[in-house]
Amino acid sequence: MNNKHLNTKSIRNLLDHATDHLDPATAAHLHSARNHALAKQNTRVAWHGSLACTAREHHRIPFWALSILLAGGLLLCTITYWHHAAEHDHSDIDIAILTDDLPVDVYID
Amino acid sequence: MRLSQPTLLLLAALCFQSASSAAQSWNDIPLAQREALAPLAQEWDKLSEKQQRNFLGIAKRYPKLTPLQQQRMHDRLVKWSKLTPAQRQRAREKYKSFNQLPPEKREAARKNLRERHATEIQPRTGATPPVGQ
């Protein structure tokens, strides 16, 4: 075939022709590789699919409910963090009382 | 919004971890902090998680104290741990208001308190208590 007449259609025809005449062993090998790649892709989608997506598709949990849940979780984390931080603030004053030259008793009713 | 399951699990684990910090056993505490809190060794496990956290915060500052301050702290730790949360809170407030007094008034008040404490202790022990005990 003359190179000057090569176009998309002719290339596709050539490839189809070549594919139709692949030896059975190569065809089987390619088929097996394709199946393997598809299986891997399906597994990845199952494991890494988002919870939001899964919930929407399978459990029909609305997106706004998930957003509220996530925001609530973050709020809880923040409150807990500040609560712990506030508790640790006592250690400064506690150590001052515990090491003061006046006994602890004078600060206790 | 597409968050992967591992990310969400990690977020949930972080939330759970920060919301519930478990009590620490005496042997899990670093050696330096155990040394600082040595008088509490026997009753450590009976303390609430909140108290344990507070004492661990105190223990972190222990190495920066002078030997006299370290001694005072050791002498007072058990008594401090046995106070109720309300008593400790009142003591903190009293200490804060006491330290807000002008220096001369504070010194006079200190002297007064020291003498009053000595007279309260003397009839019981029959001896003058050492300062800072």
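## Basis

This is a predicted model: local features need pLDDT of at least 70, side-chain atom pairs count only at pLDDT 80 or more, and totals for chains, interfaces and linings use all residues. Residues are numbered from 1 along each chain as its sequence is written, chains are lettered from A and ligands numbered from 1 in written order, and side-chain values use heavy atoms, without hydrogens and water.

## Aromatic contact between chains

Over all chains there are 3 aromatic pairs (ring centres of Phe, Tyr or the six-membered ring of Trp within 6.5 Å; planes under 30 degrees apart are stacked, over 60 edge-to-face, the rest tilted). A:Tyr107 and B:Phe98 are edge-to-face, because their ring centres lie 6.3 Å apart and their planes stand at 75°. This pair crosses between chains. A:Tyr107 sits in the segment after helix H4 (63-99) of chain A, and B:Phe98 in helix H5 (residues 85-99) of chain B.

A:Tyr107 is buried, at 2% relative accessible area. B:Phe98 is buried too, at 8%. Buried means under 20% relative accessible area, with a 1.4 Å probe and protein chains only.

## Second largest pocket

The second largest pocket has a volume of about 250 Å³. Its lining holds 12 residues. B:Lys50, B:Gln51, B:Pro85, B:Arg88 and B:Arg92 lie nearest its centre. H4 of chain A, with helix H3 (49-61) and H5 of chain B, each supply at least two lining residues.

Methods. Helices (H or I, at least four residues) and strands (E, at least two) are DSSP runs, numbered from the N terminus. Buried means under 20% relative accessible area, exposed over 50%, partly exposed in between (1.4 Å probe, protein chains only). On a 1 Å grid over the protein atoms alone, a cavity is a set of points where a 1.4 Å probe fits but cannot get out, and a pocket is an open set with protein on both sides within 12 Å along at least five of seven lines; lining residues have an atom within 4 Å of a point. Grid points are joined across faces, edges and corners, and a volume is the space filled by probe spheres set on the points.
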